[in-house]
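Subject: Structure for you to look at

Dear colleague,

Here is the structure I promised to pass on to you. Please open it beside this message and follow along as you read.

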Amino acid sequence: MFGYGSLYSLHRPNRRRIDPSSYIVRLSNLIGVLVSTFRHLDSHQLEKGKRRRRRSKNLSRSYTFVRIRGLKMEVNKEKYAADLSSIEAARARISSFIHKTPVMTSESLDAISGRKLFFKCECFQKGGAFKFRGACNAIFSLDDQQAAKGVVTHSSGNHAAALALAAKLRGIPAYVVIPKNAPQCKVRNVVRYGGQVIWSESTMQSREETATKVLQETGAALIHPFNDGRIISGQGTISLELLEQSPQIDTIIVPISGGGLISGVALAAKSINPAIRILAAEPKGANDAAQSKAVGRIVTLTETNTVADGLRAFLGELTWPVVRDLVDDIITVDDTEIIDAMRLCYEILKVAVEPSGAIGLAAVLSDSFRNNPAWKDCNQIGIILSGGNVDLQVLWNSFRK
Amino acid sequence: MDNKLAFWLYPFSISFTRAKHIGFVQSTVEGSKYPPQSYILGLKMEVNKEKYAADLSSIKEAHARISSFIHKTPVMTSESLDAISGRRLFFKCECFQKGGAFKFRGACNAIFSLDDQQAAKGVVTHSSGNHAAALALAAKLRGITAYVVIPKNAPQCKVQNVLRYGGQIVWSEAPVQSREEIATKVLQETGAAFIHPYDDGRIISGQGTVSLELLEQAPQIDTIIVPISGGGLMSGVALAAKSINPAIRILAAEPKGANDAAQSKAAGRIVTLPETNTVADGLRAFLGELTWPVVRDLVDDIIIVDDTEIIDAMRLCYEILKVAVEPSGAIGLAAVLSDSFRSNPAWKDCNRIGIILSGGNLDLESTRQMHLSQVDLIDQPSRCFAGKSLHNGFSSL
């Protein structure tokens, strides 16, 4: 039975003797395929120690695949600062602290835009912006020893208040370096949430120096506003909620600044639905991300000029790869369009959004989006209203212009 | 002595005897053989089917009728506002309702209750406020005509809403008499059905669906605070809430400059004012024949607030909740934060309070004026709200 005679297949009707070489060829082919597949894995893991920057968008060397009708989208676990599993872990970690914000629709705005719009209202998040998600995830990821020394950051915006609130929930100190020209409402938020304010001059250099000094004195952990895997994972939980609440969405439009929000949103959304389109919305006066995508490397600007005070940061080392690979396009809008969108949100949706938060709606209503044939099929669009912290005085002044 | 005691206890003994026949405390109106009653430690509360213009079953029917048209609005909470008020607050955001206010619920229920023959002739109302736009939108959904008689001095934003929803505007002069005459003329010419902004069982039932949703979304609520004007929202909310949970407290919030409901409750009959004077333009109406009995019997108290408190509450809603509410909509929060509520021992146990943010339709310019010059508020003319108005009030809805 196990000798040479076994090559006679009892099931073959003509009982001809099988040529063993064909089996050997097939077997060796199979072995070759397996070897080459795992060879890629081995070599890739060897290269993990090196920082290899890939120029091309082709991700054929990676080994995690998701297929929909022949369309292949790869979200490589090893390549980006976060992935679906870290985002889901973040969700488990923070869900008892955050609000699960509603998704709102408006037939009036659908009529104006010509699409079905779904507004994820992160302006209702604790602290008034989505930043609380990332801050919570970062703070609750710290081990007890590190947490006891506190956290430090420099931010003039929503990250500051979010970090202060998350730190208060964990019962640890938050040192927040704030430049002298920060918006009043955002400073008030930090104070309300128990953050310790340390003033600095308005230049980036002064902020960083002051933060470093605090870090050295207290041993607190520096939590970057966006260039941090834990922050990106926290922001990505928005996608998880949005796609549960409105699974029919085929496009998500996200405001872009340092790229923390859009990285998290893109990583989660493209893992769940690889056919989904991710578009960024950026002010014309701070269009560094659009320029970066055009030239293929991080571009920074000498100055920014926009009413959207939350969108003045530049891309970071961790957010740039995700923006480069997973964001399909960047729509730039000018300040007038942003303010019109704010007014529409106020008058029709009855929601208070800050300029940075209204930019997604501004992008949908802009000519460059409407006339672009590439986005003709974007009919169910999720728009993230990222925050609502705006000084009333600034609001009235901008509306009056 | 014993006989005298028995004599005075006799009425109570009858009630408790009936309770034995019923066998258990009933908290809902449906399915009971006896007039619905509920007993809490001997306190009897009746929501009698025959007595009021609506009841739990008409409100549930209204919900079934309108639920495919309305938004089920979210209930929002805020730890910051909880800290400021010292209570747990639950905000039912009717400012996100279609048309920007809760009025759409009642209007939908009224319009979709019409039989086809009547509906074909259209509907008519006279209102310068949210009821006008709500009726126009509901009529558009049914594909019938809505004739809206609007006085020439109506707020621009509310006129814009009527136009956007396809209502046919018929202009009239400012006094009520002119509005009513023109409305009657339209009614006679077209045979359209007149839909009152609040004094109508179908409208009250529609507004009552707010309670059904609120108590599903936040069943732990022990008090609901509702803005009061003509009493339509108040009646619907009270009837539904007290039927579902008889121990719930229903409080009204009213502006000082239009405190007719408080005066009515004190006097035991409907009181109207010769003029009203408040920034809350949606709260200038007076109680009607159908709404008054519910307010008299089921509303536990009325909290009066002044315009400064209303505007502070608007600002808090904007800055903390990130929600745009009109003054009439913010009055519930103003009431919770007012001294008269905080220091009243009767409401010491109201710890989980539902507040209805009834609407969000307001002009940006007038909002700005309100915020920037609170002190001079009453004297400032504005496009969106009138400081003083000489009419019986309901047409401002």
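Four elements of chain A, namely strand 5 (151–154), helix 6 (158–170), helix 8 (204–218) and helix 10 (260–272), each supply at least two residues of the lining of the largest pocket, where helices (H or I, at least four residues) and strands (E, at least two) are DSSP runs numbered from the N terminus. Helix 8 of chain A gives the most to this lining, with three residues. The lining of the largest pocket has 50 residues, and Arg207(A), Phe226(A), Ser257(A), Arg312(A) and Ala313(A) are those nearest its centre. On a 1 Å grid over the protein atoms alone, a pocket is an open set of points with protein on both sides within 12 Å along at least five of seven lines, a cavity is a set where a 1.4 Å probe fits but cannot get out, and lining residues have an atom within 4 Å of a point. The space in the largest pocket comes to about 1100 Å³, a volume being the space filled by probe spheres set on the points, which are joined across faces, edges and corners. By class, its lining has 18 nonpolar, 23 polar and nine charged residues; Ala, Val, Leu, Ile, Met, Phe, Trp, Tyr, Cys and Pro count as nonpolar, Asp, Glu, Lys and Arg as charged, and the others, Gly among them, as polar.

Please keep in mind that this is a predicted model, in which local features need pLDDT of at least 70 and side-chain atom pairs count only at pLDDT 80 or more, while totals for chains, interfaces and linings use all residues. Residues are numbered from 1 along each chain as its sequence is written, chains are lettered from A and ligands numbered from 1 in the order in which they are written, and side-chain values use heavy atoms, with hydrogens and water left out.

Turning to the cavities, the structure holds seven of 30 Å³ or more, and the second largest cavity has a volume of about 110 Å³. Its lining includes Cys185(A), Asp391(A), Glu319(B) and Lys322(B), and helix 7 (residues 184–192) of chain A gives the most to that lining, with four residues. Three nonpolar, three polar and five charged residues make up the lining of the second largest cavity.

Helix 7 of chain A also packs with helix 6 of chain A, at an angle of about 10 degrees and with their axes 8 Å apart; axes are lines fitted to C-alpha atoms, for helices over the stretch in contact (heavy atoms within 4.5 Å), and angles run from 0 to 180 degrees between N-to-C directions. Helix 6 and helix 7 of chain A are therefore roughly parallel to each other, since angles under 35 degrees count as roughly parallel, over 145 as roughly antiparallel, 65 to 115 as roughly perpendicular and the rest as oblique.

Best wishes
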